[in-house]
Amino acid sequence: MLKDLIRANRSCRGYDESRKITREELLELVDCARLTASSINMQPICYYLAWEKEEVDRIQGLTKWAGALPQMELPHPGMRPTAFIVICQDTEVSASLAKFQKDVGIAAQTMLLAATEMGLGGCMIGNFPAGTLKETLGLPENLAPLLVVAIGKPAEKIVLTEIGKGESTNYYRDENDVHYVPKRKLEDIALDHTKIEKIKE
């Protein structure tokens, strides 16, 4: 079941805008993230929930998607997410933003796996002006936005492919707007002492 969820959980850049996300659904995702591990259990992460259209549109306007496809507008108009969760760090708990980056990653992935189980999907977005977003959301001084997580019902086809050594890992789209995600082969990334010895030879 877990591996099926991992395979289904892709970075989605196209959504069914008719499927609105509720505050209760976002709270369920955050509740899953709340239960995960945190560095020295300090738990400095907070979550800003946005599900109302006007606010979702404001956040969408500050995000930049699909850096590997600069020639394409993604999400396409009419296929944008219907909710966002902005992962923030409470600097009154800890002022070190670098120290808790792994907490952010764990939380985001947990929420996206939970969303997948709910028949939803999402995308982690790191390309946004943090200061402008903080001002737009009216966040207090002690909350620093670190990652934006889009949430919605996926409305696009995403295909995993395997690549050999040296081949490009850049994702791409075909003429039918199918999104392809190259993945390195298991045997090329799993190391043990025998492989290390061969590499050294």
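Reader: Which strands does H4 lie across?
Author: H4 lies across E1, strand E2 (83–90), E3 and E4, contact meaning heavy atoms within 4.5 Å. H4 runs at about 20° to E4 (angles run from 0 to 180 degrees between N-to-C directions, with axes fitted to C-alpha atoms, for helices over the stretch in contact). Helices (H or I, at least four residues) and strands (E, at least two) are DSSP runs numbered from the N terminus.
Reader: And what sort of model is this?
Author: This is a predicted model, where local features need pLDDT of at least 70, side-chain atom pairs count only at pLDDT 80 or more, and totals for chains, interfaces and linings use all residues. Residues are numbered from 1 along each chain as its sequence is written, and side-chain values use heavy atoms, leaving out hydrogens and water.
Reader: In what order do the four strands sit?
Author: They form an open, antiparallel sheet ordered E1-E2-E4-E3; pairing takes at least two DSSP bridges between two strands. Strand E1 (45–50) and strand E3 (121–125) are the edges, each pairing on one side only.
Reader: How many bridges join E3 to E4?
Author: Five, with E4 spanning residues 143–152. Met124 has Val149 of E4 as its bridge partner.
Reader: Different topic. At what angle do H2 and H4 pack?
Author: About 135°, with the axes of H2 (residues 23–34) and H4 (residues 101–117) 8 Å apart. That makes H2 oblique to H4 (under 35 degrees is roughly parallel, over 145 roughly antiparallel, 65 to 115 roughly perpendicular, the rest oblique). Leu29 and Val30 of H2 are among the residues making the contact, as are Ala107 and Met111 of H4.
Reader: Is Glu25 buried or exposed?
Author: Glu25, in helix H2, is buried because its relative accessible area is 18% (buried is under 20%, exposed over 50%, partly exposed in between, with a 1.4 Å probe and protein chains only). Neighbours within four places in sequence aside, Glu25 contacts Arg19, Lys20 and Met118.
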